[in-house]
Amino acid sequence: MARGWLRRLAVLAGIGLIACGAAPEEARFPSGPIQIVSWATPGGPSDLLARALAEAAPDHFDGQRVTVMTRQGGAGAAGMQYLRGRAGDPHVLGVFTASGTVNMATGRIPFAPGDFTPILRIQVDPFLVAVRDDSPFHTLENLFETARMRPGAVSMSGFGAASAHFLGFQRLRAAAGAPDIRWIAYAGSGDAVVAALGGHTDAVHTNYNIVREHLRAGTMRVLAVALPLTALRDTPVYRDAGYDLAPVHWRGVVGPPGLSPEVRADLRDRLLATIRAAGFQEYMARASMEYAVMDDSDAFGHWIAEEVETSRALLGRLGLLVNE
């Protein structure tokens, strides 16, 4: 008899949840472990962000275990497909980056910003231009002026033929009047730096962490950086050099489609607490990353959509869209 009443109470509780418009999964979130999907190269900046979040998050997700799932392949398509396939499940999150928006813009992957639930932008990683220490270039204008006088003679190494790194440089080049500089694409940012160090290219367009050890060793110099960096206090930013733009690589967290506004707000608050934790702040300082928190989830969604459209327009002008 008692068991019968317990069963009836359980049924009534379920009906109450449905009547209130709350799915049982959402009502008791988190009800299990949290996965953070990373479609980036293991050990790279985006992967390290995912792991720093996973380490700091359990205290802010009711003690639940938080792990990183690496799903590489297809310019991020494998990880995005997995995340999109978990519609409505707040226990699966993904680290989303500027590279994802570029891959959407090119048409290389069959995804759009609306396929995911934006939650929180966390950091920016400003682009910079660096040269070997014995380079004749001491300012960005030195480099651009030489390119204007000798079209095609100056080369710039960087990651990818149609990447966030490539588009960041193309925006800088356009601001300088589009001097003829050859972009030499490499499969990794580290390889692009090695090319500049070896004299195979005149300069490299990359991020601080990729050249940090070479700067400390005195084998490289930074001509300018897109935004002020704590680690490069005395280095001019692009605006100081006369170029009114600030291209950056950025990273944040998205969820699968179909999350309710209430669950999205809950996730945002938990993630905000995570990135304020001492352990996560130590990671940010150690990695020389800059906080650029966008905690308005709708604003972050608009940011992602605008990034896709801006990149698509630039790629179109450069003739680099896959379907054209």
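Two residues are said to be in contact when heavy atoms of the two lie within 4.5 Å, and among contacts in the protein chain between residues at least 6 apart in sequence, 77% join residues at least 24 apart. The structure is a predicted model, in which local features need a pLDDT of at least 70 and side-chain atom pairs count only at pLDDT 80 or more, whereas totals for chains, interfaces and linings use all residues. Residues are numbered from 1 along each chain as its sequence is written, and side-chain values use heavy atoms, with hydrogens and water left out.

The protein chain contains 12 helices and 10 strands, where helices (H or I, at least four residues) and strands (E, at least two) are DSSP runs numbered from the N terminus. Taken along the principal axes, the box filled by the C-alpha atoms is roughly 90 × 45 × 30 Å. Of the 324 residues, 51% count as buried, a term that stands for under 20% relative accessible area, with exposed meaning over 50% and partly exposed lying in between (1.4 Å probe, protein chains only).

Strand β5 (residues 154-159) is largely enclosed by the rest of the structure, because 5 of its 6 residues are buried. Strands count as paired if DSSP finds at least two bridges between them, and β5 pairs in the parallel sense with strand β6 (residues 181-186) over 6 bridges, with F159 standing opposite Y186 in β6. Between β5 and β6 the chain passes through helix α7 (residues 164-175), in a β-α-β crossover that is right-handed; this term applies if, with the strands pointing away from the viewer, the path from the first strand over the helix to the second runs clockwise. A parallel pairing over 2 bridges also joins β5 to strand β7 (residues 203-207), where V204 is the bridge partner of S157.

T117 lies in strand β4 (residues 117-132) and counts as buried, at 8% relative accessibility. A polar atom of the T117 side chain is 2.6 Å from the backbone oxygen of P256. Not counting residues up to four places away in sequence, T117 touches V254, G255, P256, P257, G258, L259 and R264. R264 is among the buried residues of helix α10, which also include V263, L267 and L271. Helix α10 (residues 261-275) has 15 residues and reaches 21 Å from its first C-alpha to its last, close to the 21 Å expected at 1.5 Å a residue, the expected span being 1.5 Å times one less than the number of residues.

A search of the whole structure finds 12 aromatic pairs, for which rings of Phe, Tyr and Trp (its six-membered ring) must have centres within 6.5 Å, planes under 30 degrees apart counting as stacked, over 60 as edge-to-face and the rest as tilted. F29 and F61 form an edge-to-face pair, at 6.4 Å centre to centre and 85° between the planes. F29 lies in the loop between α2 (24-27) and β1 (34-38) and F61 in the loop between α3 (45-56) and β2 (66-70), so the pair ties together parts that are 32 residues apart in sequence. F29 is buried at 8% relative accessible area, and F61 is buried at 1%. A tilted pair is formed by F280 and Y283, at 5.2 Å centre to centre and 55° between the planes. These two residues are separated by about one helical turn, because F280 and Y283 are 3 residues apart in helix α11 (residues 278-286). F280 is buried at 0% relative accessibility, and Y283 is buried at 7%. Ring pairs also link W39, F96, F111, F116, W250, F300 and W303 into a cluster.

Note on methods: Polar contact = N/O pair within 3.5 Å; in protein donor to acceptor, adjacent residues only side chain to side chain.
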